[in-house]
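I set out to record the pockets of this model and the residues that line them.

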Amino acid sequence: MTENNLAIVVLAAGQGTRMKSRTPKVLHRIGGRTLVGHVLTTAQRLQATHVEVVVRHERDRVAASISETYPDVTIVDQDDVPGTGRAVQVALDALPADYEGDVLVLSGDVPLLDNDTLTALLDAHRSSGAAATLLSAILDDPTGYGRIIRDETGNVSRIVEQKDANEDEAAVGEINAGVYVFQASMLREYLPQVGMANAQGEMYLTDVIGLLRGAQKRISAAITNDLQVALGVNDRAQLAEAGDLLRRRIIRHWQREGVTIVDPASTWIDDDVTLAPDVTILPDTQLLGATTVAAGATIGPDTTLVDCEVGEDATVRRTDGTLAVIGARATVGPWSYLRPGTILGADGKIGTFVETKNTTIGEGSKVPHLSYVGDATIGRGVNLGAGAITANYDDIAKHRTEIGDEVHTGSHNVFVAPVSIGAGAKTGAGAVIRKDVPAGALALSVAPQRNVDGWVENNRQGTKAAAAAADARTSQKAADGRQEEDR
Ligand code: UD1
Ligand code: CA
């Protein structure tokens, strides 16, 4: 069924001068994905026989970024001839010579185009039998876009770029979204006729529309009333605008799936995040990367999670976490810093001013206050006293701390790794644990307290401390004397 063949060409060879960036425009990100990545994610939902991306500016960087996430996409190199028309021409040349069917052209900088719009565009194209079908939108401010010029009967006759438009043309509000379906044979015939005599000295793909029309071919246009799908990102303002529109779209999606989002305006959720029903998101929260949150969990306020997994009914407040796993019903925060490799068991706790890294904390175990725990394996039912520090690095290598089930450690302990503490053991306050502790033992490393009377007055004469000590001693003596008299 040749009429249903579909090849997709994504244009990503331009520099994106208006971004004023070292990063190629199509690699700028919104919602955790590059601009061209959004286009390719949408493109992949259509059953295309070929998907090509045309690259040129920062070719290797753009190609590597695309191939990493979309390995099945064909990278096509544009040569020195500039313009979207040339980009499509090289893509066409890279298709099998006998390819017949539709060619869907997408712009790598139009990231919010959705599957429904594309499907409708393809359906319209196929049912009308047009040589080309384009997507247009009517904007209050069409500045920067190509304008759709229609004839007296309302048919599309050509597209004029902003820079080539006269006053009347520039006043037209209907714009070219940069999304088109062409019959492959029409591109083969008419692209070679496109010249470069225009304001930008480029081969415009848009000129094919005028050429087709001049040859009495049928052009059809689908007008979208969802203005965001046509938004092209040419500068940083449009990047932020697209990012915000995507943010709202993602939030609306999760709200409909049963997620409570208390303050949508301060909530950011990346495209690859997965949320279960009855998750609650409190203000100023960012859920990024491939984060997943299970049912009933509450995240925020003031929390950023990147590639984290949060279990059912867990609570995560004022926390910064990356590549961490938080078990069911566990509590994290406020003010916790979970670095990669943190795994907190069910019903566990990571509390206030605690940093963890590459550490497994067993079921029901707690690290409640003021601690650094790195490269550790902690069993079930453990309580680490306030101020626990794993000294995991000796300037040469990282070493592990192993803490068995039901261990309770005293406040302000240092665990000098490698070291292991057996199940059920205890440690005293202020202990520096350098040697393994057997199961059930009490480990004390601090010498018994000895008070040297009068030390300050003898050794710090003339200081405020010595004076205060002398005063205290005098009044103590007087009090002792009175007690003596009372007797
Ligand atoms: C283009 C359209 C314009 C439309 C707008 C929609 C043309 C001539 N103009 O303008 O009618 O309203 O998109 O967003 O097509 N690219 C290449 N090779 C090149 C030049 C560009 O692959 O030689 C790629 C860019 O990387 C980009 C896309 O094509 O992804 C569009 O290029 P851009 O320069 O942004 O075109 P616009 O001026 O926005
Ligand atoms: Ca553009």
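I began with the second largest pocket: by class, seven nonpolar, five polar and seven charged residues make up its lining. For the classes I counted Ala, Val, Leu, Ile, Met, Phe, Trp, Tyr, Cys and Pro as nonpolar, Asp, Glu, Lys and Arg as charged, and the others, Gly among them, as polar.

The model is predicted, and local features need pLDDT of at least 70, side-chain atom pairs pLDDT 80 or more, while totals for chains, interfaces and linings use all residues. Residues are numbered from 1 along each chain as its sequence is written, chains are lettered from A and ligands numbered from 1 in written order, and side-chain values use heavy atoms, without hydrogens and water.

I noted a volume of about 360 Å³ for the second largest pocket. A pocket is an open set of points on a 1 Å grid over the protein atoms alone, where a 1.4 Å probe fits, with protein on both sides within 12 Å along at least five of seven lines; lining residues have an atom within 4 Å of a point. The volume is the space filled by probe spheres set on the points, which are joined across faces, edges and corners.

Which residues lie nearest the centre of the second largest pocket? I found T42, R45, L246, R249 and D271, among 19 lining residues. The largest share, five residues, comes from α8; helices are DSSP runs (H or I, at least four residues), as are strands (E, at least two), numbered from the N terminus.

I then turned to the largest pocket, with a volume of about 1300 Å³. Of its 45 lining residues, R18, K25, T84, D109 and E202 are the closest to the centre.
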